[in-house]
Amino acid sequence: MGSQLSKQVERRKSIAAEKKILADLLDSSGDQFPGSDYRPPERKAWMSALGPERLRVNQIVWPGTHDSATDKIGVRFVSRPFAQCQSCSIYRQLAAGARVLDVRVQQDRRVCHGVLTTYSVDVVIDHVKRFLSETQHEIIILEVRTEFGHDDPPDFDRYLVDQLGGHLIHQDDAVFSKTVAELLPGRIICVWKPTKSPAPKRGDPLWSSGYLKDNWIDTDLPNTKFESNMKHLSEQQPVTVRKYFYRVENTATPQADNPVVCVRPVTKRIHGYARLFISQAFKRGFADRLQVLSTDFIDGDFVDACAGMTHARIEGKA
């Protein structure tokens with residue numbers, strides 16, 4: 001018992017020390033970067049405001065949500081706090097400016113996060129369709145994967161194609177250099193990541209897992225996550241030559257050996273440092289590699305930061 005208590009005390013000290021490192025970095029370096037003062041006139045249509053005829057796919061800094069469809073996961077006040085990574089619906093996330101969705105499913109097509117489940121993926125699809133019907137030029141990356149430890153839903157690739165139909169932008173390396181206007185009427189890059197089912201092939205309506213990459217580190221230590229994200233981003237090619245999307249997740253993950261196991265207080269340790277991450281990417285010389293930036297509990301400032309950097313790229317300032 002005493003040993004366990006001692007470990008928890010040391011853990012709290014480590015977390016406090018890492019939070020201070022980020023706070024000190026923010027105080028000394030600031031979080032300003034080219035485009036940081038930009039605010040889109042309407043977050044629901046921020047891509048449209050930047051001009052679909054001149055906005056290229058590889059110029060976009062895509063604001064994404066982590067474990068997107070968890071707003072109603074588990075049982076409220078009981079199991080939900082341990083798995084909920086977003087507090088609002090898929091539609092509201094998209095309307096708030098999110099453009100990359102991370103959706104995990106199990107065999108019965110219900111959305112899940114580990115062992116906890118929520119609504120059917122049909123709800124996600126309906127919300128996406130509603131958003132697309134209310135906008136004209138917004139492009140979405142919809143990542144759907146079978147959750148670790150679960151079996152693939154039967155014929156799920158066919159289901160996605162049937163449901164999303166003419167909205168789908170087919171798998172093609174040429175997409176990265178095209179403008180948003182050139183992709184229309186296609187609106188969705190749908191990345192399907194099955195466990196055992198055949199992966200989508202070149203030219204298919206769906207995209208294979210290799211087109212959306214990341215380097216996940218499972219930690220609740222904010223500076224450890226921050227610097228790991230920096231290291232892996234620095235190892236990527238610039239967006240102008242890369243033929244895949246690379247995601248950085250500005251999140252921290254509850255750990256079983258720590259008393260704080262609810263998502264919100266843990267991820268809050270790093271949540272407010274998204275702008276610092278972008279500014280540090282500039283200062284360290286690899287902002288040209290930043291592409292998808294995801295978060296838990298997305299907010300307007302996060303979207304504005306991504307839209308601002310996108311605006312700076314279009315204007316030749318980044």
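Modeller: Here follow some questions and answers, from the whole chain down to single residues.

Modeller: A word on the source: this is a predicted model, in which local features need pLDDT of at least 70 and side-chain atom pairs count only at pLDDT 80 or more, while totals for chains, interfaces and linings use all residues. Residues are numbered from 1 along each chain as its sequence is written, and side-chain values use heavy atoms, with hydrogens and water left out.

Colleague: How many helices and strands does the protein chain have?

Modeller: Both are DSSP runs numbered from the N terminus, helices being H or I with at least four residues and strands E with at least two. On that count, the protein chain has 10 helices and nine strands.

Colleague: What radius of gyration does the protein chain have?

Modeller: The radius is taken over C-alpha atoms, and the globule rule is 2.2 Å times the number of residues to the power 0.38. For 318 residues, a compact globule would come near 20 Å, which agrees with the value for the protein chain, 19 Å.

Colleague: What share of the residues of the protein chain count as buried?

Modeller: Buried means under 20% relative accessible area, exposed over 50%, and partly exposed in between, with a 1.4 Å probe and protein chains only. Among the 318 residues, the buried share is 54%.

Colleague: Which residue with a positive phi follows helix 9?

Modeller: Its phi is near 90°. The residue is G285.

Colleague: Which residue in strand 4 is the bridge partner of C112?

Modeller: Two strands pair if DSSP finds at least two bridges between them. Strand 3 (residues 110-113) and strand 4 (residues 116-120) run antiparallel and are joined by three bridges. Their hairpin has two residues between the strands, and there G114 takes a positive phi near 65°. The partner of C112 is T117.

Colleague: Which residues does T295 contact, leaving aside its neighbours within four places in sequence?

Modeller: T295 is found in strand 9 (residues 292-295), and T295 is buried, with a relative accessible area of 0%. Contact means heavy atoms within 4.5 Å. With those neighbours left aside, T295 is in contact with G64, T65, H66, Q86, N250, T251, H271 and F302.
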